[in-house]
Amino acid sequence: MMTCAIIDDDEINRLTLEHYVGLSPNLKLVASLADGIAGLTFFREGHKVDVLFLDIEMPHLSGLELLRVLTDPPEVIITTARQDFAVDAFELRVTDYLVKPFDFARFTQAVQRVQPRPRPAPGAPAPAEGPVNADLFVKVNSRMVRINFDDVLYVEALSDYVNIVTPKHKYIVYTTLKALETRLGPFPNFIRVHRSYLLNTQHIESIEDNTANLHGGHFVPIGKSYQEGFYKSLQRI
C-alpha cells in the first residue's frame, strides 16, 4: 500500500481527492492540507509519503514553489484548474498532471503511473533514482501536446527554440537544447551527438561517414568532438 498526502486550498477538490483515495485500496491517506506553507512544514518535520497530490495556485507558496524547495520530494501528481503550468510542472519531473474537474477513472490512471521508490534497509546505500515519467507536455502555439520520449527521433537546436522530431510530427518549442538535455538526463538512450543535436539511439538504423541514419529517412550528423563518447556508448561486436 502506498501512503499519500493532499495539498490543495480548494476545499471541494480536497474533499473529492480524499473520497477518491478512500475508494483506492492501494492508497493510505496520511495528511490533507489546505496550503503550501502547511505542506512545507509537513515535510520539514520529517514526514514521508509515496505520493503527493498537489495543487499549483495556492496563497503564499504555490505548488511549484513548494516542489522547488523540497530536497527529496515524493512522486507528485498535480491537481489544478490551470493547463498552462504543465511544461513547468513536467520540468520538475511530476508523474502526472490532472486538470480539474477530473473523474475517478482519470485519478486511477494517474495513480497507476506512480512507481514507489524502494525503501532501503537500514545502513544500505540509497538506490539510484530512475526516470519518473516517460512523457513530456510541450506548448505548441496555444496547445499543450503530450510527447512520449520513446517516439522522439532527435532534437535539434534552433537558437532560442528546439525542433522535437517524431516519426509523424515536428514540434517547435520555446526552450533550449541544454534545458531539454537536462530533462532527458534519466533516459540513457538520448545522447548529445552534436552541439545542435540530441539523438535517440533506439531509432538508429545505421551509421555511415559519422552520420546516423534514422528510421523514416532522417539523418543526424555526429560532431567531431562527440564522436569518441558516442561510439563508446554503442553496443558493438
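**Asp 55.** I looked up the side chains of Asp 55 and Lys 100 and found a polar contact of 3.4 Å between them. Polar contact here means a pair of N or O atoms within 3.5 Å; within protein, one must be able to donate a hydrogen and the other to accept it, and residues adjacent in sequence count only if both atoms are side-chain atoms. This is a predicted model: local features need pLDDT of at least 70, side-chain atom pairs count only at pLDDT 80 or more, and totals for chains, interfaces and linings use all residues. Residues are numbered from 1 along each chain as its sequence is written, and side-chain values use heavy atoms, with hydrogens and water left out.

I placed Asp 55 in the loop between β3 (51-54) and α3 (63-69). Helices (H or I, at least four residues) and strands (E, at least two) are DSSP runs, numbered from the N terminus. Asp 55 counts as buried because its relative accessibility is 4%. The cut-offs are under 20% relative accessible area for buried, over 50% for exposed, and partly exposed in between (1.4 Å probe, protein chains only). I then listed contacts (heavy atoms within 4.5 Å). Beyond four places in sequence, Asp 55 touches Ile 7, Asp 8, Asp 9, Gly 63, Thr 79, Thr 80 and Lys 100.

**Cores.** I checked the largest nonpolar core next, which has 43 residues. Such a core is a set of buried Ala, Val, Leu, Ile, Met, Phe, Trp, Tyr and Cys residues joined through side-chain atoms within 4.5 Å. Ile 7, Leu 54, Ile 78, Val 138, Val 155 and Ile 164 touch the most other members. Strand β6 (residues 135-140) gives the largest share of this core, four residues. I noted a second, separate core of 16 residues, including Tyr 20, Val 21, Leu 98 and Val 111. For Val 155, I left aside neighbours within four places in sequence; its contacts include Val 162, Ile 164, Leu 177 and Leu 198.

**Ile 222.** I found Ile 222 in the loop between β15 (218-221) and α7 (227-233). Ile 222 is buried, at 4% relative accessible area. Its partners, apart from neighbours within four places in sequence, include Val 193, Ile 207, Phe 230 and Tyr 231.

**Whole chain.** I counted seven helices and 15 strands. Buried residues make up 45% of the 237 residues. Of contacts between residues at least 6 apart in sequence, 51% join residues at least 24 apart.
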